[in-house]
Amino acid sequence: MTQLTAPSLPAPAPAPAAPGAPASVAAADALGGPWPGSARPGRGGEVLVGGVGLAEAAERFGTPLYVLDEGEVRTRARAYRRALPHADVLYAAKAFLCSAMADWVAEEGLGLDVCSAGELWLAVSAGFPPQRILLHGNAKSPEDLRLARRLRVGRIVIDGPAEIARLAALVAADAPQKVLVRVLPGIAAGHHAAVRTGVGGQKFGFPIEGGDAADAIARVLDQPGLELVGLHCHLGSQITEAEPYLLAVDALVRLLAEVRERHGVELPELDLGGGHGIRYLPGDAELDLADFAVRVTDRLAVRCAEAGLEVPRLVVEPGRALAGPAAVAVYRVLSVKHGSDGRCFVAVDGGMSDNPRPALYGSPYAVRLVGRRSEAGEAAVDVVGRHCEAGDVLVRDAVLPADVRPGDLLAVPAAGAYQLSMASGYNLVGRPAVAAVRNGRARLLIRRETVEDFRLREVGR
């Protein structure tokens, strides 16, 4: 499988050197995946992202800190628009959302995929056009649906039987709501069983096999206030090959043909969801966007021609593929402990409260010492968090300088997706700050959560 390379996802222009850095720094080779395209080695062990030193940012904003490269987000959004010029590209907000992210996505011409009233309200409050928003989720509350209707979102994905009647009750026949029906094509794909959402036996959507999807489609078509515009599926997460999407196209086009035969209706949209995989380690595979775009659009055209259907408008929902490679998490080492079994534990000031993915999925990450140059040899260590769980391990068997010590800074790339969006308040540590970097400048997007924030939620004792 061809990996995502510069031709299909070009890197941003080289960042300017930090003040006082030698000229060679600006022209140095990029660090490569999984680092942002702008990442460059700097003087004294520094790493520059978007032209800003990570150690410099840590000193300014504190740690743990998430450094988000605006240029990387925009570059990746533009790559999707180029690769799929006739498709709708919706950024999956569940990967990571803040007002600035909504601005960047809107300015680059993408739509937005949200899963709750919270994500929806934040996006619209930031000025994102509601007509370019799609709402889905397996258990939408009445409040979610009411807000979506009040804000006039462009699309709502029907995910369960109860939503059909619930949404129909909110809609007048003279102001119909455009909807898609989420179906399960029976295709298992994704890096972990917990995120393989295209098969039966789990909470999402309507299985094609057994007729549940066909029954749901018929029920939606019977509702005058609901305008069925297409089918939706989402196979899973961290998918690195195009083949599962091709199989999904086959299954969904067959269902489109059945809908036409049974109801005399051709649905104009086909949403293949997201789940596009990225690199977490230097040798990882990741989805080749150019290959995916060509093969999926060709397959869709061929299958529709075979079925005598008009080709529906394709919709894709990348989240991790935009946000994941754009951020680097920076931690400060709090302690170094050598166990009796010879293992070395390097504890940092964050952990599973800001990145639960290693504990949930066993997800691997790379890690690098930044801010000082070491002449010591290398040692295998476990980079662990500060929380009261044996499973709070951020990077197992990491290779770091043997003289790593308290006060050092460690940087973890590919940190932009499903970390802060899944963060918790465990041990009341508080979620980290987020700083955006671009063209040698840094600005704070989200301040650090404090103990006072937790206290202010209390209303009595």
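Between which strands does the loop with asparagine 427 lie? Asparagine 427 is in the loop between β19 (409-412) and β20 (433-438). Helices (H or I, at least four residues) and strands (E, at least two) are DSSP runs, numbered from the N terminus.

The model is predicted: local features need pLDDT of at least 70, side-chain atom pairs count only at pLDDT 80 or more, and totals for chains, interfaces and linings use all residues. Residues are numbered from 1 along each chain as its sequence is written, and side-chain values use heavy atoms, with hydrogens and water left out.

**Backbone geometry**

Most residues other than glycine have a negative phi, and most peptide bonds are trans.

| Residue | Phi | Relative accessible area |
|---|---|---|
| Asparagine 427 | near 60 degrees | 38%, partly exposed |
| Asparagine 439 | near 50 degrees | 59%, exposed |

Buried means under 20% relative accessible area, exposed over 50%, and partly exposed in between (1.4 Å probe, protein chains only). Asparagine 439 is found in the loop between β20 and β21 (441-446). Arginine 152, which follows α6, also has a positive phi, near 60 degrees.

One joins glycine 33 and proline 34, with omega about 15 degrees; proline 34 lies in the loop between α1 (23-27) and β1 (40-41). The other runs from threonine 63 to proline 64, with omega near -10 degrees, and proline 64 sits in the loop between α2 (54-61) and β4 (65-69).

**Helix packing**

Helix α8 (residues 212-221) packs against α9 (243-263) at an angle of about 50 degrees, with the axes 11 Å apart. Axes are lines fitted to C-alpha atoms, for helices over the stretch in contact, and angles run from 0 to 180 degrees between N-to-C directions. The two helices are therefore oblique to each other, since angles under 35 degrees count as roughly parallel, over 145 as roughly antiparallel, 65 to 115 as roughly perpendicular and the rest as oblique. Residues in contact (heavy atoms within 4.5 Å) include Ala213, Ile217 and Leu221 of α8 and Leu255 and Val259 of α9.

**Buried residues**

Helix α6 (residues 142-151) has Asp144, Leu145, Leu147, Ala148, Arg149 and Leu151 as its buried residues. Among the elements that cover them are α5 (117-125), β8 (155-158) and α7 (161-168).

Glutamine 238, in the loop between β11 (226-232) and α9, is buried at a relative accessible area of 12%.
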